[in-house]
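The structure under review is shown next.

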Amino acid sequence: MGANETGIIGQSVKRKEDARFLTGAGQYTDDVTLQNQTHAYFLRSPHAHAKIRAIDTSKARAAPGVIAVYTGADLEGVNGLPCGWLITSVDGTPMNEPPHPVLAKGKVRYVGDHVAMVVAETRSQAKDAAELIEVDYDVLPAVVNPVDALKPGAPQIHDEAPGNRCYTWSLGDKAAVDAAFAKAAHVTRLDLVNNRLIPNAIEPRAAVASYNRAEDAYTLYVTSQNPHVERLLMTAFVLGLPEHKVRVIAPDVGGGFGSKIYLYAEETAMVWASKRVNRPIKWAAERSESFVSDAHGRDHVTHAELALDKDGKFLAMRVQTTAAMGAYLSTFASCIPTILYATLLAGQYTTPAIHCEVTAAFTNTAPVDAYRGAGRPEATYVVERIVREAGVETGIAQDEIRRRNFIRSFPYQTPVALMYDIGDYDQTLAGATELADVKGFAARKAEAAKRGKLRGLGYASYIEACGLAPSNVAGALGARAGLFEAGQVRVHPTGSVTVFTGSHSHGQGHETTFAQIVAGRLGIPVDNVDIVHGDTGRVLFGMGTYGSRSLAVGGTAIVKALDKVVAKGKKIAAHLLEAAEADIEFEDGKFTVAGTDRSKTFAEIALTAYVPHNYPLDKLEPGLDETAFYDPTNFTYPAGTHICEVEVDPDTGVVQVVNFSACDDFGNIINPMIVEGQVHGGLAQGIGQALLENCVYDADSGQLLTGSYMDYAMPRADDLPSFKVTTRVTPCTHNPLGAKGCGEAGAIGSPAALMNAVLDALAPLGVRHLDMPASPHRVWQAIQSAKAAA
Amino acid sequence: MYEVEYQQARSVADAATLLAKTGGKALAGGQSLIAAMKLRLAQPGTLVDLSGIAELQGIRREGDAIVIGAMTRHADIASSAEVKRAVPALAALAEGIGDRQVRNMGTIGGSIANNDPAADWPAALVALGATVVTGKRRIVAGDFFKGMYETALADDEIITAVSFPVPKKAAYAKFPNPASRFALVGVFVAQLPDGSVRVAVTGAAPAVFRASGIEAALARSFTAEAARAVAVDASRLNADLHASAAYRAHLVSVMASRAVAACG
């Protein structure tokens, strides 16, 4: 299908879903109220690391309204939560996978770890009763920093992971890298911390679990980005329930950013308990619980080196990263700092040799897993920070050093396993340069200087691998799941269409974008198409939404199903028009005999399929309802350049983002307005990481110090400039939409662009290095240190 | 939130009686207390709501002073023509408190009774030499704020109004905490009718305090440069995730100089 087959593709159609969201008519998990419903509350560990000597729940059980109190000891026969990706260490051993109990058994390992579940008639009663549970803790020393966790003598968190090591993994040709460094004209070295983040979706996690005794079946409403995966993991790996007896519904979901991909303890315990109490159970996290118990993001400590020849061409890169896993392995934790990180270290450049070694460490903190971008922002941050540094050290301008090293011949095999299918990095760099008015920067800088302010410009030319991805490749790399997507196009007798997709929309606008694809292909109004997602009882299967995969993979599955609808429609039309099937053309909603004016509308064909009076019943089934599964042959590679301009107040250290320009290549675009919205959101999160957000645990006690918005700084509207965004298009070569994905790009490119801008602004004061976030205090301290050193 | 009894007081005397009888807490705008109760950090048995007491409302000019009723909301102070005319710095300060929701509910009396170390109002009261009026007595601001979350108020004593002498010049400069947007450092500078200069600092220490070094410098020369040149002693200042004591000390001078500049 050509992307511009009909007018609706590429149009900024207003979002179909917004009518319900803007009028408060969305149906979120916490809006679900079932008859005879009870409420759960989870008692969480107040300690980062402690042995549980004893738990006395007798007072809680006797408290008003309490139906049941469960601890780890009650969950006999319930397995631990699984990790979906096996990483194999350099020495050939599989990663250490300590048990991840649904409720703590014998030990708690982070502040917020699940100790007990109280089920009561009301939320307040459950919470009141939880305060009556007496837990006898033997508090142990804690370690919260991944580098510290790997040091000899660090507190041992799991018996199954000696030295707190999960794995040491590597990618790339170490010998080739060493050889390239040996002949380098210049080597740039950099130490970086990628700060830990708390996802903060606007809707806290929630679940409603119920059990139907008559059917011996369960229904779980849950805030999930991938309900089928949730069901598969929960039934097959943890609870041992028949998959067909569990229906998982992820209704409207208020943001995920990765944090709602995973199978969490709460909903698992609730499904298990719903049969025991034989009543529905509801739980909704308070914001404070989200802070301590949602899987966090990032948390890397990295040393990187870049070797250059005398002309500024990159010869090799060497990267060593220590990545925190948190206290337990969350669902996809292990693959984020490996498969989704090291593979992106080529960036947009022809660096011929790259070697990356990653050591993953357990820490006494909440688990760490994918957060918008997931590994790719971390990779981009390393590459783009060290490229800036190399440019500064060699005296080559920031745009020029990038241009000298851009990949220009496609397909391109990187030294870190990926095969880029297509891109045009000169084009996106030029687009961003124009948008950012780089030419006028010197004048703006001089004007700012008159006001005592420092201006800086920062570049980040990022690449990401999206549309996760061929199942066989992922399987070879350790994935324990497939990565295809499923779609079903159900044409109703009157010609309107319901699409069932395995993707899940929690803010991305799929209900509109996917409807545009269908409307465009079938030549019907967009209002005649509804998209159904997020219900294992209605959607055949699905891998869900993450990794900017929904359009490229989920959208393509729909296209494949549409192809089948059209193919069957042609057969029906050929019969009705008494023509050969090969002579039937389908365009603008009409099946036409080629070269004639004899045609049937799509609606006529649909009606015929369901009222098959004049129909080739001997050769063709009635009905028009087609299903397709699509497994991509490669990742997609969105790329672009972000340019950030900041103004620093040297008196206070305040960094103001005065301009932010993004020129992105997402391949073909279905709905430009939705894409722009996705870019804006991503930029806000990336700028949030670079300027404001920072998750801090106390190094001694392991307490979360940034456990509320009093201390965890989220970006607000007035922290952000009015973004300038534009796109360039090189269509993806291996999916019929030519689409690459746009959901994460903003968060991937922007942190490096912002930090490079701050360093550029501070360069005249002698500041050489700064870690995120560039908070006023940190910037001021860096200025003071530079002054002291001068 | 734990279960709590709710009582609505009809007068200041009624409120004092209810507080003495129940041992409960007075509820003003609830912007700190209700949040603390929701987090189960505060557990009053009874809330005595002051919002229905007419005598606690309103802003009026009394001679050389602006008198603001204790239950006046921040938003009403921010938009008061009377305040803007007499002490524009007070209106500007009120406009910078919290967010719109907080300003529409929170009150000046509730804020000073709570005496959060990062609240804005204490700096204004101390710098302007305001008087806190209660159901029992009048307390000068310098004696009212005792320490972190501590005031001179007795348990059943209710603030009825705050009286601000109208200064010659005044301005408030706040450096917000990037997360909470409370004052990391807030400096209120006032030149009083007798020509004396007062500089009160919030956010930087366990409680509001007067920056005497800056006051002396400004008494000699009421200029931004004079304030900026004073090195503030960091030894008694707060240090936390967001700012070291040295950074706060530095910001006190910077914010003081900006406040002086804003005095015009």
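I began with Asp437(A), which I located in the loop between helix H11 (425-435) and helix H12 (441-450) of chain A. Helices (H or I, at least four residues) and strands (E, at least two) are DSSP runs, numbered from the N terminus. The model is predicted: local features need pLDDT of at least 70, side-chain atom pairs count only at pLDDT 80 or more, and totals for chains, interfaces and linings use all residues. Residues are numbered from 1 along each chain as its sequence is written, while chains are lettered from A and ligands numbered from 1 in the order in which they are written.

I read phi of Asp437(A) as near 50°, a positive value in a residue other than glycine. Most residues other than glycine have a negative phi, and most peptide bonds are trans.

I then turned to Asn278(A), in the loop between helix H7 (265-277) and strand S12 (281-284) of chain A. Asn278(A) is not a glycine, yet its phi is positive, about 55°.

Next I looked up cis peptide bonds. One runs from Phe410(A) to Pro411(A), with omega near -5°; Pro411(A) sits in the loop between helix H10 (398-403) and strand S16 (412-413) of chain A.
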